[in-house]
Amino acid sequence: MTQTMFQQTVAAIALESAPGVNQDTVCLLQIHPLAIDAGPVAINEFPFVIGRDASCNLTIHDTSISRRHSVIERTDTGFTLRDLGSTNGTYVGDQEVTQHALVAGDQIRLGNRIFKLLTSNHFESQYHEAVYSMMTRDGLTGVWNKRYFTESLERDLKRSQRNGRAISLAIMDIDFFKQVNDTHGHLAGDEVLIELGERIQAELRGDEIFARFGGEEFAIILNEMQLEDAIRAAERCRIAIQSRPFQTSAGPLDITISVGVAVSSDESQLATEFIQNADAALYEAKHDGRNRVSYHRPV
């Protein structure tokens with residue numbers, strides 16, 4: 001199935017469960033946590049208040065969201081998002097806002113929830129693209145998700161074996177991330193994940209696949225890269241994380257990562273074995289004290 005066919009099929013199914021939504025509707029689509037089955041939320045009246053209180057137009061039962069968190073208002077030129085004095089703030093993209101003129105595709109973050117604004121201008125195509133992105137990208141960080149990563153690794157590994165070219169894999173884990181969540185709250189933890197994604201992507205080439213592999217675990221496919229070069233790439237990522245504190249709503253936090261690196265060992269190696277080798281190296285990095293890069297030694 002092609003990407004376009006996939007988008008259309010999944011979007012059509014979700015639209016059936018979204019009453020009041022049509023091509024003339026302005027909508028909010030929740031992209032994190034992932035909620036495709038819920039479909040888009042139609043904004044049919046203004047002002048449109050979002051919050052935890054039952055009187056809001058959109059009620060969200062999440063303690064990271066204030067009782068009356070923010071409001072979307074119609075203006076002569078479009079739509080405006082305004083914060084209502086919320087505890088955790090209202091964000092468009094990575095920027096905290098008190099008031100912001102919205103455009104199609106804007107990502108709105110309220111507490112632990114992230115929404116995408118879809119407008120009546122080319123609504124269906126926007127929705128298809130958003131749903132495909134939800135299926136292949138991590139809603140919080142915007143990097144590739146585990147499903148896309150796994151499919152890419154199987155494809156790239158077969159291609160490297162067919163062409164006789166190197167391929168390496170790096171798996172990284174945030175050190176003591178549970179303590180971040182337990183001490184500073186999940187909102188600060190989410191902010192760490194978002195900034196980590198940005199820092200790592202800034203260290204990579206355009207052809208490398210970087211994905212969120214689990215809760216605080218990320219992975220990189222390093223195509224046409226021998227072990228020594230992969231170790232150097234992983235070390236650059238490690239330094240980028242520890243180089244300066246992460247700015248969060250709980251204040252600056254010092255964050256480090258441990259990284260495990262592996263290179264494909266033979267022409268018949270499976271993706272699962274490849275991942276196990278990198279994961280074993282990651283375990284070694286953590287066992288040896290964390291904030292370091294370890295590598296799997298091919299037999």
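This is a predicted model: local features need pLDDT of at least 70, side-chain atom pairs count only at pLDDT 80 or more; totals for chains, interfaces and linings use all residues.
The axes themselves are lines fitted to C-alpha atoms, for helices over the stretch in contact, and the angles run from 0 to 180 degrees between N-to-C directions.

Residues are numbered from 1 along each chain as its sequence is written, and side-chain values use heavy atoms, with hydrogens and water left out.

Let me start with the chain as a whole, which has 7 helices and 18 strands; helices (H or I, at least four residues) and strands (E, at least two) are DSSP runs, numbered from the N terminus. Of its 299 residues, 54% count as buried, where buried means under 20% relative accessible area, exposed over 50%, and partly exposed in between, with a 1.4 Å probe and protein chains only. If we take contacts between residues at least 6 apart in sequence, 57% of them join residues at least 24 apart, a contact being heavy atoms within 4.5 Å.

Now to the helix pairs. Two packed helices are described by the angle between their axes and the distance between the axes. For helix H3 (residues 146–163) and helix H7 (residues 271–287), the axes come within 10 Å and cross at roughly 105°, and the two helices are therefore roughly perpendicular to each other. On the H3 side the meeting residues are Leu 153, Glu 154 and Leu 157, and on the H7 side they are Ala 271, Phe 274 and Ile 275. These divide into 5 nonpolar, no polar and 1 charged, with Ala, Val, Leu, Ile, Met, Phe, Trp, Tyr, Cys and Pro counted as nonpolar, Asp, Glu, Lys and Arg as charged, and the others, Gly among them, as polar.

The second pair is helix H4 (residues 177–184) and helix H5 (residues 186–202), whose axes come within 6 Å and cross at roughly 140°, which makes H4 oblique to H5. H4 brings Phe 177, Val 180, Asn 181 and His 184 to this contact, and H5 brings His 186, Ala 188, Gly 189, Val 192 and Leu 193. Sorted by type, the residues of the contact of H4 with H5 are 5 nonpolar, 4 polar and no charged.

Let me turn to the interior. A nonpolar core is a set of buried Ala, Val, Leu, Ile, Met, Phe, Trp, Tyr and Cys residues joined through side-chain atoms within 4.5 Å. In the largest such core, which has 41 residues, Ile 200 and Ile 220 touch the most other members. Helix H6 (residues 227–242) gives the largest share of this core, 6 residues. Because domain 1 (19–136) and domain 2 (146–296) both give residues to this core, it lies between them; the domain bounds come from an automatic or database domain assignment. Leaving out residues up to four places away in sequence, Ile 200 touches Met 172, Phe 210, Ile 220, Cys 237, Ile 241 and Ile 257. There is also a second, separate core of 19 residues, and it includes Tyr 148, Ile 167, Ile 209 and Ile 275.

Asp 173 sits in strand E12 (residues 167–174) and is buried, with a relative accessible area of 11%. Beyond its neighbours within four places in sequence, Asp 173 is in contact with Glu 216, Glu 217, Thr 256, Ile 257, Ser 258, Leu 282 and Lys 286. Ala 130, in helix H2 (residues 123–136), is buried at a relative accessible area of 3%, and, residues up to four places away aside, Ala 130 touches Leu 29 and Lys 116.

I will close with the backbone. A cis peptide bond joins His 32 and Pro 33, with omega about -10°, and another cis bond, with omega about -5°, joins Phe 46 and Pro 47. Phe 176, in the loop between E12 and H4, has a positive phi of about 55° although it is not a glycine, and Phe 176 is partly exposed, with a relative accessible area of 45%.

Technical notes. Angles under 35 degrees count as roughly parallel, over 145 as roughly antiparallel, 65 to 115 as roughly perpendicular and the rest as oblique.
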